[in-house]
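Dear colleague,

I am passing this structure on to you, together with some notes on what turned up in it. Please look through the model before reading on.

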Amino acid sequence: MTLAVSDLTGYLYCPRKLFLEKVLKLRSRDTAAALKGALRHDLYERLNKADETAIKAITKKEYYDIFEQFKKEYASILRKVISYHKEALKKVKVDIPEFYNQMFRGIINEAKVKARNILDFLETEEVYGDELWEKLTPKILVKVAVQDEELDMKGVVDKIEMHPDEIVPIEIKTGKAPEKGVWPGQKIQLFCYMLLAEKTFDKPVKRGQLYYLDDKETRELINTPFVAEDVKKTLAKTKEILESKKLPDFVENKRKCEKCPLKDQCYDSQFMEEKMFELLGERQEKLV
Ligand code: SF4
């Protein structure tokens, strides 16, 4: 069974929720969020592919011109993605202008980062066209699919910087950065991406980064032997839950339940009993 990185973070958040979603196949019915997530992923994949065209079209060492080049390419792709999926978005009642604006802010941020990256490179070597594309480092990939057959795990990392001697996976987070260090779930998530990126690109990953958008702060984690050890332990515990036929306990931190989209189903003991009966084919003595 190939696990996704999100299964491990799901396990760390609440093993019972993971079981409800993956074993009992309960859905939070938020189809709008699922569609928006899929479109965001599709958009960023297209942006990665458009970078070559945008970069080859750069002719001047001017931040504004370079930024405009990316913005033009990205905005055109965003319009196409939204227009192609307009009917599906309407069907699940997504506010299209609001979603467009949210995505537009995202692509503007990307365009700024890419423009700054190119400008920094041009300071060291002033080349344009095909030569700029070929020599440019680091190249930045966004929403990159990564996997490792040995670990039997896959995921999609927000960003990867491709340097000549290393690659650096970067996860972007909304919400506050902790006072120091990183949140435990985010640490395992980044650890997973460090291992998966190393395998996917067959290049060393010496470090990974978490970038907290709201605080504009970066936290860096170094790749040590403990990284693989931590991931393997969490992977084993996650697999145990997914292969088990026993409903896990409620999460200890009940504040998590307040926002949980599966709360009504999770706390409905009769409903849960029926679901477990369907799973096991026999009624359990005590399920919840
Ligand atoms: S309601 Fe609470 S215990 Fe139940 S799945 Fe959600 S977070 Fe876990």
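Lys-143 is found in strand E2, where strands (E, at least two residues) and helices (H or I, at least four) are DSSP runs numbered from the N terminus. Although Lys-143 is not a glycine, its phi is positive, at about 50 degrees. This is a predicted model, in which local features need pLDDT of at least 70 and side-chain atom pairs count only at pLDDT 80 or more, while totals for chains, interfaces and linings use all residues. Residues are numbered from 1 along each chain as its sequence is written, and side-chain values use heavy atoms, with hydrogens and water left out.

Asp-152, in the loop between E2 and strand E3 (153-162), also has a positive phi, near 60 degrees. The peptide bond from Thr-137 to Pro-138 is cis, with omega near -10 degrees, and Pro-138 lies in the loop between helix H7 (130-135) and strand E2 (139-148). For background, most residues other than glycine have a negative phi, and most peptide bonds are trans.

Finally, the axes of helix H3 (residues 31-56) and helix H4 (residues 63-84) come within 9 Å and cross at roughly 145 degrees, the axes being lines fitted to C-alpha atoms over the stretch in contact (heavy atoms within 4.5 Å), with angles running from 0 to 180 degrees between N-to-C directions.

Best regards
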